[in-house]
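Hi,

Here is the structure I promised to pass on. Have a look at it first, and then read on for what turned up.

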Amino acid sequence: MVSYYDELEIEDFAWDDDKQVFHFPCPCGDRFEITRAQLGKGEDVATCPSCSLIVRVVYDMMDYEDSGSESGAVDEADGTTISVL
């Protein structure tokens, strides 16, 4: 059984346009991260690269289904994917 540090809503995460990840502060001083592609694949665990803590991300997978391929640009304001023609 997996032990999560916390459960967080995706709305609580900030979008990092440079790294193309959602992030949330970790108690160790780094940050938990998860990509749109991971969300699109149904993954719900954000990890911290500096420590062993993980959080469960609560979100509606339907909002990220098209993100599995990482195609399109991401709107900085709300993190939604915009189709690029």
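In which strand is Arg31 found? Arg31 belongs to strand S4, which covers residues 31-34. Before I say more about that residue, one caution: this is a predicted model.

**The overall layout**

The protein has 85 residues, with 1 helix and 8 strands. Going along the sequence, the order is β-β-β-β-α-β-β-β-β. As for burial, 33% of the residues count as buried. The accessible surface comes to about 5400 Å², and carbon and sulfur atoms make up 48% of that. If you take the contacts between residues at least 6 apart in sequence, 37% of them join residues at least 24 apart.

**Back to Arg31**

Is Arg31 buried or exposed? Its relative accessibility is 18%, so Arg31 counts as buried, the cut-off being under 20%. Setting aside the neighbours within four places in sequence, Arg31 is in contact with a list of residues that includes Asp16, Lys19, His23, Phe24, Cys26 and Cys48. Ala46 is 15 residues away from Arg31 in sequence, and their C-alpha atoms are 9.3 Å apart in space.

**Salt bridges**

Side chains of opposite charge can pair when their charged atoms come close. How many salt bridges does a search of the whole structure find? The search gives 5, and I'll walk you through some of them.

Arg31 forms one with Asp16, where the closest N and O atoms are 2.6 Å apart. Arg31 sits in strand S4 and Asp16 in strand S2, so this pair ties together parts that are 15 residues apart in sequence. Both Arg31 and Asp16 are buried.

Glu33 and Lys19 also meet through their side chains in a salt bridge, at 2.9 Å from N to O. This pair links distant parts of the chain, since Glu33 is in strand S4 and Lys19 is in the loop between S2 and S3, 14 residues apart. Glu33 counts as buried because its relative accessibility is 17%, while Lys19, at 47%, counts as partly exposed.

Elsewhere, Arg56 forms a salt bridge with Asp44, with 3.1 Å between the closest N and O atoms. Arg56 lies in strand S6 and Asp44 in the loop between helix H1 (36-40) and strand S5 (45-47), so the pair ties together parts that are 12 residues apart in sequence. Arg56 is partly exposed at 27% relative accessibility, and Asp44 is partly exposed too, at 22%.

**Two other spots to look at**

Which residue has a positive phi although it is not a glycine? That is Gln20, with a phi of about 60°. You'll find Gln20 in the loop between strand S2 (14-16) and strand S3 (21-25). With a relative accessibility of 32%, Gln20 counts as partly exposed.

Then there is the surface. Glu9, Glu11, Asp12, Asp60, Asp63, Glu65 and Asp66 form a negative patch there. Asp66, one of these residues, lies in the loop between strand S6 (54-58) and strand S7 (73-74). Asp66 counts as exposed because its relative accessibility is 66%.

Cheers

Conventions:
Residues numbered from 1 in each chain as written. Predicted model: local features only at pLDDT ≥ 70, side-chain atom pairs only at ≥ 80, totals over all residues. Heavy atoms only, no water. Patch = residues over 30% accessible without salt bridge, like charges linked within 9 Å, V, L, I, M, F, W, Y side chains within 5 Å. Areas by Shrake-Rupley, 256 points an atom, 1.4 Å probe, with all protein chains shown as cover. Salt bridge = Lys/Arg side-chain N within 4 Å of Asp/Glu carboxyl O. Lys, Arg positive; Asp, Glu negative; His and termini not counted. Charge placed at Lys NZ, Arg CZ, Asp CG, Glu CD. Helix = DSSP H or I, 4+ residues; strand = E, 2+ residues; numbered from the N terminus. Buried < 20%, exposed > 50% of the residue type's maximum accessible area, 1.4 Å probe, protein only. Contact = heavy atoms within 4.5 Å.
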